[in-house]
Amino acid sequence: MKDMFSVLAGGLLGSAAVFPELLGILEDACVMAGHVESCDKPCRVAVIGSGPAGLSAASVMRRKGHAVDVFEAAPVVGFTFLNVPAQESSSDAPEAFAPASAEVLEAAVTFLERTGISFRTSAPKGQAELDAMLKDYDAVICACGKAAVLPTDASGCVQGKLFAAGTCVKNQKVQSAVQAAEAGRKTAASVCAMLAEK
């Protein structure tokens with residue numbers, strides 16, 4: 001599997017774009033492919049959004065042995081990686097990255113699928129769907145960017161088994177893709193802690 005990672009990383013670094021967090025997610029996937037931790041109580045987790053926060057959260061949850069379904073409103077996984085939003089004009093705006101190539105992103109998603117993560121595209125989730133998801137899944141992580149704005153505590157918990165990460169967190173300042181990926185990992189760690197207590 002390390003060979004696959006080298007190919008993907010080489011392709012990413014050789015493309016016009018370098019998304020360090022995509023490399024981190026792929027590295028996590030390589031570790032996962034060789035070792036998904038056994039879990040006393042594997043749970044079903046839904047992740048809404050496949051940008052940096054969503055993919056990071058999904059890879060952490062899968063590595064911990066949970067079944068993960070990622071829902072993306074766009075027709076392709078990782079839409080954010082392909083279409084970097086215009087940088088906001090403020091002095092505290094994070095440094096922008098160039099978009100990743102479609103080929104590299106497709107290879108990365110295929111690699112993540114091989115670890116056991118399920119992706120569903122063209123699957124927007126609104127409040128009505130969220131209520132049903134909270135019944136069907138042991139935890140739901142909303143990482144859908146600014147499409148939803150949810151208040152959270154310091155762990156990323158909105159309420160009960162609903163969590164949020166990245167720019168959909170209320171009062172969250174503009175985040176770079178690297179910061180969003182880190183927020184996804186942090187929120188996933190909180191979800192794992194909550195699930196372990198069940």
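Predicted model: local features only at pLDDT ≥ 70, side-chain atom pairs only at ≥ 80, totals over all residues.
Staying with α7 for a moment, its buried residues include a run of alanines: Ala177, Ala180, Ala181, Ala183 and Ala188. Gly184, Thr187, Ser190, Val191, Cys192, Met194 and Leu195 are buried as well. As background, an α-helix has 3.6 residues a turn, so residues three or four places apart point the same way.

Now the chain overall. There are seven helices and six strands, and along the sequence they come in the pattern α-α-β-α-β-α-α-β-α-β-β-β-α. The chain has 198 residues, and 47% of them are buried. The accessible surface is about 9,400 Å², with 54% of that belonging to carbon and sulfur atoms. If you take contacts between residues at least 6 apart in sequence, 68% of them join residues at least 24 apart.

Next, the sheet. The six strands make an open sheet with mixed pairing, and the order across it is β3-β2-β1-β4-β6-β5. The edges are β3, residues 118-120, and β5, residues 157-159; each has a single partner strand, so one side of each has no neighbour in the sheet. From one strand to the next, the twist averages 25 degrees.

Let me go through two of the pairings. Strand β1, residues 44-48, runs parallel to β4, residues 139-142, and four bridges join them. One of the residues involved is Ile48, whose bridge partner in β4 is Cys142. With β2, strand β1 also pairs in the parallel sense, over five bridges. There, Arg44 has Ala67 as its bridge partner in β2. What about burial in β2? Four of its five residues are buried, so β2 is largely enclosed by the rest of the structure.

Helix α3, residues 52-63, lies across β1, β2, β3 and β4, and runs at about 165 degrees to β2. Helix α6, residues 127-136, packs on the sheet and touches β1, β2, β4 and β6. The direction of α6 makes about 155 degrees with that of β1.

Now a single residue, Ser50. Where is Ser50 found? It sits in the loop between β1 and α3. Is Ser50 buried or exposed? Its relative accessible area is 1%; buried means under 20%, so Ser50 counts as buried.

The Ser50 side chain has two polar partners to point out. One is the side chain of Glu72, in a polar contact of 2.7 Å. The other is the backbone nitrogen of Gly78, which lies 2.7 Å from a polar atom of the Ser50 side chain. Leaving aside residues up to four places away in sequence, Ser50 also touches Leu55, Val70, Val76, Val77, Phe79 and Phe81, among others.

Last, a backbone detail. Ser122 is in the loop between β3 and α6. Its phi is near 50 degrees, a positive value in a residue other than glycine.

To recap the main points: an open six-stranded sheet of mixed pairing, helices α3 and α6 against it, and a buried Ser50 in the loop between β1 and α3. That is what I have for today.

Note on methods: Residues numbered from 1 in each chain as written. Heavy atoms only, no water. Pairing = 2+ DSSP bridges. Helix = DSSP H or I, 4+ residues; strand = E, 2+ residues; numbered from the N terminus. Axes fitted to C-alpha atoms, helices over the stretch in contact; angles between N-to-C directions. Contact = heavy atoms within 4.5 Å. Buried < 20%, exposed > 50% of the residue type's maximum accessible area, 1.4 Å probe, protein only. Polar contact = N/O pair within 3.5 Å; in protein donor to acceptor, adjacent residues only side chain to side chain. Areas by Shrake-Rupley, 256 points an atom, 1.4 Å probe, with all protein chains shown as cover.
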